[in-house]
Amino acid sequence: MKRKYKPRITKHDIKIGKRIRVQRKQMELTQENLADMVSFTPQHICYIENGKRRPSLLLAKKLSKALKLSLGELLAL
């Protein structure tokens, strides 16, 4: 049985999660509100904010729009 590829989480991924959390809180949104806006589960948003998962490009685009950030601002080093 083949193992599914699982990318390593980097320091950069953790910074992206923190940036999402800070912006979400500044906009006074809950994880549930943000999850509804981007059509993902609150648990997935939680994993990303805590640096346990990396957002896909599709999700990053949706998050940047919902959080009123450019994609570059969201993904900046």
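Me: In which helix is the place of Gln23?
Reply: This is a predicted model, in which local features need pLDDT of at least 70, side-chain atom pairs count only at pLDDT 80 or more, and totals for chains, interfaces and linings use all residues. Residues are numbered from 1 along each chain as its sequence is written, and side-chain values use heavy atoms, with hydrogens and water left out. Helices are DSSP runs of H or I with at least four residues, numbered from the N terminus. The run that covers residues 11-26 holds Gln23, and this is helix H1.

Me: Is Gln23 buried or exposed?
Reply: Buried means under 20% relative accessible area, exposed over 50%, and partly exposed in between, with a 1.4 Å probe and protein chains only. The relative accessible area of Gln23 is 16%, so Gln23 is buried.

Me: Leaving aside neighbours within four places in sequence, with which residues is Gln23 in contact?
Reply: Contact means heavy atoms within 4.5 Å. With its neighbours within four places in sequence left aside, the partners of Gln23 are Leu67 and Leu69.

Me: How many salt bridges does the count come to?
Reply: Side chains of opposite charge can pair when their charged atoms come close. The rule for a salt bridge asks for a side-chain nitrogen of Lys or Arg within 4 Å of a carboxyl oxygen of Asp or Glu. By this rule, the number of salt bridges is 3.

Me: How many residues apart in sequence are the parts that Arg54 and Asp13 tie together?
Reply: A salt bridge links Arg54 with Asp13, and their closest N and O atoms are 3.0 Å apart. Arg54 lies in the loop between helix H3 (42-49) and helix H4 (57-66), whereas Asp13 lies in helix H1, so the pair ties together parts whose separation in sequence is 41 residues.

Me: Which helix holds Arg21, the partner of Glu49?
Reply: Glu49 and Arg21 meet through their side chains in a salt bridge of 3.5 Å, N to O. Glu49 lies in helix H3, so the pair ties together parts 28 residues apart in sequence, and the helix of Arg21 is H1.

Me: Which residues do salt bridges that share partners join into one network?
Reply: Glu49 also forms a salt bridge with Arg24, with the closest N and O atoms 2.6 Å apart. Both Glu49 and Arg24 are buried. Through shared partners, the salt bridges form one network of Arg21, Arg24 and Glu49.

Note on methods. Helices (H or I, at least four residues) and strands (E, at least two) are DSSP runs, numbered from the N terminus.
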